[in-house]
Amino acid sequence: MEILIEDPITTCLSPSVYDMICKLGFEVKENCDINSIVTQSGEVCWKTITDCAIYTVSAQDLNYQGSVRLLGPVCEAVHLHLSSLTKGQFEVQYAPWLQWTHFPQLFPEIFDALRSLQSPAISLSLMKLTSCLERALGDVFLLIGKECPFLLRDLLVSEELAQVFGQPVVNVLRVFMGSPHGLNLRNILWHGFASPREIPPKYCSMLLLLVVGLGQLLQSYLQRTQATLAHRPFVVLPNLKDEIEGMRKSTFVLKSMLPYWEVALIKFKSHRFADCAILLLTQLEAGLRKVFAAVNQCPQRLLTAESTALYTTFDEILAKHLNDGQINQLPLFLGEPAMEFLWDFLNHQQGPRIRDHLSHGEINLLEFPKAAADQLLAFSTVLLLRFVDEDLSSSIKGKAAIQSLVSLAEGYSSHFHPVAQLKKQVLSCEKSIRAWPCLSLPEEAEREAARLEGNSETNACSALIIKIMCELYCQVPESHCVFKELDDIPPERWPQLLSNLCSIPVPTLFCPRVVLEVLTVLQSMSTRCIQVSGQVTASLERRHQLWAERRLRSRQRRSFLHMLGSIKLLSSALYLILLLIALELINIHVVCAKNTHDYQQYLKFLKSILQYTENLVVYTSQEKNKWSGITDLTHTALLRIWTFSEKKQMLTHLAKRTS
């Protein structure tokens with residue numbers, strides 16, 4: 001891939017950010033007495049630390065540069081102190097004060113990384129430490145506040161944290177992370193800007209001691225207020241030899257970042273899947289930023305932004321447009337399958353959003369799924385191979401395992417976009433309806449249920465369903481038709497029709513707002529249908545058992561018979577709605593052609609059907625049990641569908657008209 005042949009880049013830190021991290025904290029040469037920072041019993045002396053946080057002349061904000069300079073010797077003393085301890089001494093002296101983080105077992109690992117002197121391990125430790133600390137600080141915030149801020153910078157300027165720890169202590173934290181004016185260690189690492197050797201180990205040591213000190217302050221606060229710290233549950237994620245050579249030769253990888261890639265592989269092989277994912281995510285962002293800057297001809301975006309400018313992160317890298325409104329060339333360069341994978345893993349709300357959850361400390365690192373690391377590593381491997389010379393690429397791709405990976409990557413389609421989620425819901429609901437129990441009933445109940453099922457209102461509904469079904473079936477693409485004659489559409493064949501429709505590809509990348517609005521309504525409809533089906537199954541089984549045991553009272557018996565008489569009609573009505581959803585879904589992009597008035601009328605129609613499904617949820621619930629009203633409710637909804645269908649304003653009609 002010629003676009004990234006050269007790698008003249010020695011740092012991704014802008015000059016001012018490089019100076020802040022690599023130089024400022026080393027300018028003051030004085031020695032600092034460790035006993036003025038932490039006592040022999042392990043108590044942190046906060047005044048020594050907070051005195052180093054100085055303020056601007058107006059005292060409106062921190063003087064970040066001055067604070068980093070003064071904190072430099074303190075960090076150095078702390079680093080030397082921790083380096084002098086054995087692991088046993090560290091755990092005896094500091095472990096009790098790390099319990100408040102909800103992940104105390106992380107910190108002995110960080111201590112080991114510091115003693116190892118391996119730069120990638122220390123950077124990885126800092127990433128894990130900052131995410132763990134952010135999550136723990138959020139738990140502390142909720143002692144007083146109601147809704148925890150999503151961004152670390154907002155959390156660190158909250159009154160709630162200042163109330164617990166004191167403003168001077170929180171200001172020290174802001175020097176290290178959370179502000180683009182300070183060291184900003186969390187962001188420059190998690191967004192893949194800093195190479196391993198650009199992170200001074202003493203800052204990791206200092207943050208480790210600060211976590212200890214925060215634990216001590218928190219204990220005092222809890223004792224004083226008699227409050228109890230509760231921890232939010234962790235998020236649970238939904239469910240090689242050639243890589244090393246590819247990494248070393250791929251121009252996708254910045255040479256200064258290569259140690260991260262090598263450690264990621266080591267972590268994967270040693271079953272440290274969260275560590276592997278953290279490193280891969282940051283380096284995917286760094287590599288994609290490099291490609292982004294090249295294809296959009298904006299080399300300045302490769303560096304860390306100043307506090308007055310925008311960072312080039314995944315949000316912008318994966319967007320359709322640049323900030324100036326021009327088309328982002330990266331999606332065109334990578335292709336839809338690669339973009340779909342990145343959006344699935346990083347952005348879609350119903351997807352795993354791995355980077356968000358990891359960087360905000362919302363995942364239990366010890367339970368990180370191997371499958372997620374598998375997929376990230378596989379995707380990374382295929383991406384790296386796009387940027388190696390042709391001879392090496394052919395050599396590696398010739399191997400069966402790599403061929404399989406490349407084939408899967410090139411055929412990837414979204415699993416977590418609303419379109420994909422809606423298809424899953426439709427098929428899940430169909431399967432649920434098909435599984436409604438066929439229960440044998442006493443002869444008396446069979447006769448009564450048959451009488452109710454055959455009344456004029458029910459017959460009118462059934463006729464209307466067939467009428468609408470035939471009309472909608474005319475809109476099904478010929479290649480996906482499953483019936484030869486429209487006169488007889490057997491219900492047992494409807495599932496096959498839904499399955500065929502849901503197999504039709506629908507573009508998902510960069511969907512317009514109106515498309516997403518319609519998808520939201522259709523998803524709500526299918527969700528209610530699934531809920532209705534589940535309630536029907538539960539009610540049928542429960543009431544059949546009570547009937548068999550002769551435990552139903554007279555009114556309950558009548559209600560049960562109404563249910564039995566309505567089951568066939570309800571299943572047909574739900575199948576009809578699923579067909580409507582599927583047809584509108586495969587033509588979803590046609591909605592962009594509607595004018596404002598027609599779009600509002602269409603949305604109004606969909607919401608009326610949504611209201612019908614919401615009413616069904618109420619009518620079929622065991623609490624309300626209003627089965628006698630199902631027929632009238634359904635008849636009204638069917639008339640509404642037929643009336644709108646006659647206007648030929650459904651997306652499936654418009655698509656047929658324009659094809």
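A crossing of two helices is called left-handed if the near helix is turned anticlockwise from the far one by less than a right angle, and right-handed if clockwise. In this predicted model, local features need pLDDT of at least 70 and side-chain atom pairs count only at pLDDT 80 or more, while totals for chains, interfaces and linings use all residues. Residues are numbered from 1 along each chain as its sequence is written, and side-chain values use heavy atoms, with hydrogens and water left out.

Helix α13 (residues 258-269) passes α19 in a left-handed crossing; helices are DSSP runs (H or I, at least four residues) numbered from the N terminus. The angle between α13 and helix α19 (residues 370-385) is about 145°, and their axes are 12 Å apart. Axes are lines fitted to C-alpha atoms over the stretch in contact, and angles run from 0 to 180 degrees between N-to-C directions. Trp261, Leu265 and Phe268 of α13 meet Ala373, Asp374, Leu377, Ser380 and Leu384 of α19, where contact means heavy atoms within 4.5 Å. Trp261 also belongs to an aromatic cluster with Phe252, Phe333 and Phe387.

A nonpolar core is a set of buried Ala, Val, Leu, Ile, Met, Phe, Trp, Tyr and Cys residues joined through side-chain atoms within 4.5 Å. Buried means under 20% relative accessible area, exposed over 50%, and partly exposed in between (1.4 Å probe, protein chains only). The largest such core has 135 residues, and Leu137 and Phe176 have the most contacts inside it. Helix α14 (residues 273-295) supplies the largest share of this core, 14 residues. Another core, apart from it, has 78 residues, including Leu569, Leu579, Tyr619 and Trp642.

Rings of Phe, Tyr and Trp (its six-membered ring) pair if their centres lie within 6.5 Å; planes under 30 degrees apart count as stacked, over 60 as edge-to-face and the rest as tilted. The count comes to 14 aromatic pairs. In one of these, Tyr602 and Phe644 are tilted, because their ring centres are 6.3 Å apart and their planes at 40°. Tyr602 lies in helix α28 (residues 596-619) and Phe644 in helix α29 (residues 630-646), so the pair ties together parts that are 42 residues apart in sequence. Tyr602 is buried at a relative accessible area of 0%, and Phe644 is buried at 7%.

Gln226, which is not a glycine, has a positive phi of about 60°. Gln226 is placed in the loop between α11 (201-225) and α12 (242-249) and is exposed, with a relative accessible area of 66%.

Methods
Helices (H or I, at least four residues) and strands (E, at least two) are DSSP runs, numbered from the N terminus.
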